[in-house]
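Colleague: I am new to this structure and would like a close look at one part of it. Could you take me through the salt bridges, with the terms explained as you go?

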Amino acid sequence: QAQLEESGGGLVQAGGSLRLSCRAPRMILSTFISNTMGWYRQAPGKERELVANIGYGGVTNYADSVKGRFTISRENTRRTIHLQMNNLRPEDTGVYYCSHHFPDGNEYWGQGTEVTVSS
């Protein structure tokens with residue numbers, strides 16, 4: 001069974017917005033709260049790259065390319081994180097993956113959700 005379930009991808013015009021969500025319904029709440037979760041993306045022909053992550057206490061980190069446009073947040077009681085993406089650009093197109101990172105280096109990854117931004 002998948003540990004992470006993503007939703008919210010789709011097709012949008014440049015300048016538009018999308019909100020991605022990632023649930024971890026089977027994760028122990030204390031584990032969900034304690035560890036860093038993130039969003040990565042992989043564009044066609046490119047390597048997977050970090051978009052944003054959020055750690056314990058809500059500490060966030062963003063790729064320079066999305067700063068000021070994307071916002072990552074978490075709802076601990078719902079075991080869910082979100083990525084609000086505004087002012088989308090064609091270069092934001094790709095498959096977006098949710099991730100959960102344990103202190104020992106283990107990771108969970110979602111199946112990916114596709115985002116396509118048309119010019």
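Modeller: The structure holds seven salt bridges, a salt bridge being a side-chain nitrogen of Lys or Arg within 4 Å of a carboxyl oxygen of Asp or Glu. This is a predicted model, in which local features need pLDDT of at least 70 and side-chain atom pairs count only at pLDDT 80 or more, while totals for chains, interfaces and linings use all residues. Residues are numbered from 1 along each chain as its sequence is written, and side-chain values use heavy atoms, with hydrogens and water left out.

One of these salt bridges joins the side chains of Asp 92 and Arg 41, at 2.9 Å from N to O. Asp 92 lies in the loop between S8 and strand S9 (94-101) and Arg 41 in strand S4 (residues 36-42), so the pair ties together parts that are 51 residues apart in sequence; strands here are DSSP runs (E, at least two residues), numbered from the N terminus. Asp 92 is buried, with a relative accessible area of 1%, and Arg 41 also counts as buried, at 6%, where buried means under 20% relative accessible area, exposed over 50% and partly exposed in between (1.4 Å probe, protein chains only).

Asp 92 also forms a salt bridge with Arg 69, whose closest N and O atoms are 2.8 Å apart. Because Arg 69 lies in the loop between S6 and S7 and Asp 92 in the loop between S8 and S9, this pair ties together parts that are 23 residues apart in sequence. Arg 69 is buried, with a relative accessible area of 6%. Together, Arg 41, Glu 49, Arg 69 and Asp 92 are linked in a network of salt bridges.

Methods. Helix = DSSP H or I, 4+ residues; strand = E, 2+ residues; numbered from the N terminus.
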